[in-house]
Amino acid sequence: MVQFHATTICAVRRGPDDICIGGDGQVTMGETAIMKNGAKKVRKIYKNSVISGFAGSVADAFALTEKFESKLEEHSGNLKRAAVDLAQMWRSDRGMRNLEALMIVADKDSMLVISGTGEVIEPDQDFVAIGSGGNYAYAAANALFNHTDMSAEEIVRESLKIASSICVYTNDNISIEKL
């Protein structure tokens with residue numbers, strides 16, 4: 001089976017009015033072929049009040065995002081309730097159990113990672129990163145967040161640039177969404 005390596009996503013919150021998620025644009029098939037350079041893996045959802053970014057299998061991530069959006073509608077935009085409801089559905093639905101994707105979602109109050117195992121994780125810090133280059137972007141965001149006065153967008157952009165210079169599954173074609 002050919003495996004798709006799909007992305008690095010980074011999110012940073014600098015207070016309630018400075019929230020940003022960014023992602024690179026690379027989709028890699030197997031270990032040797034770049035299939036796409038300009039994929040957009042971050043977007044605003046639920047009346048532009050929630051931003052999301054996904055990593056993992058692209059088709060699975062789209063399916064997961066769609067299901068999450070319906071849970072947001074069902075729970076009137078309550079991010080935590082929608083995430084927990086999605087995680088419960090993910091664990092119990094046979095078709096969803098096989099989805100190989102991760103999501104970061106954020107609104108003005110919360111930032112969450114929703115994992116392929118049906119976990120909902122609220123990071124200890126006001127930054128988080130997932131995906132192939134997630135560890136590199138996380139380390140960069142940690143340093144920039146704690147040792148500069150850069151905005152959330154500046155930290156996200158620079159962290160993804162750093163990850164792209166290290167991780168072969170991450171490129172510097174960065175897309176950003178802010179609240």
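Both faces of strand E2 are covered in this predicted model. On one side sit Thr8, Cys10 and Val12, on the other Ile9, Ala11 and Arg13, and all of these are buried.

Let's look at the partners of E2 next. Strand E11 is joined to E2 by 5 bridges, and strand E3 also pairs with E2 over 5 bridges. Here they are side by side:

| Partner of E2 | Residues | Bridges to E2 | Sense |
|---|---|---|---|
| E11 | 127-131 | 5 bridges | antiparallel |
| E3 | 19-23 | 5 bridges | antiparallel |

Now to the helices. Helix H1 covers residues 58-74 and helix H2 residues 79-92; their axes come within 8 Å and cross at roughly 130 degrees. The two helices are therefore oblique to each other, and H1 passes H2 in a right-handed crossing.

Which residues in H1 and H2 meet? From H1 come Leu64, Lys67, Phe68, Lys71, Leu72 and Glu74, and from H2 come Leu79, Ala82, Ala83, Asp85, Leu86, Met89 and Trp90. Sorted by class, this contact has 9 nonpolar and 4 charged residues, with no polar ones.

Conventions
Residues are numbered from 1 along each chain as its sequence is written. This is a predicted model: local features need pLDDT of at least 70, side-chain atom pairs count only at pLDDT 80 or more; totals for chains, interfaces and linings use all residues. Side-chain values use heavy atoms; hydrogens and water are left out. Axes are lines fitted to C-alpha atoms, for helices over the stretch in contact, and angles run from 0 to 180 degrees between N-to-C directions. Helices (H or I, at least four residues) and strands (E, at least two) are DSSP runs, numbered from the N terminus. Angles under 35 degrees count as roughly parallel, over 145 as roughly antiparallel, 65 to 115 as roughly perpendicular and the rest as oblique. A crossing is left-handed if the near helix is turned anticlockwise from the far one by less than a right angle, and right-handed if clockwise. Contact means heavy atoms within 4.5 Å. Ala, Val, Leu, Ile, Met, Phe, Trp, Tyr, Cys and Pro count as nonpolar, Asp, Glu, Lys and Arg as charged, and the others, Gly among them, as polar. Buried means under 20% relative accessible area, exposed over 50%, partly exposed in between (1.4 Å probe, protein chains only). Two strands pair if DSSP finds at least two bridges between them.
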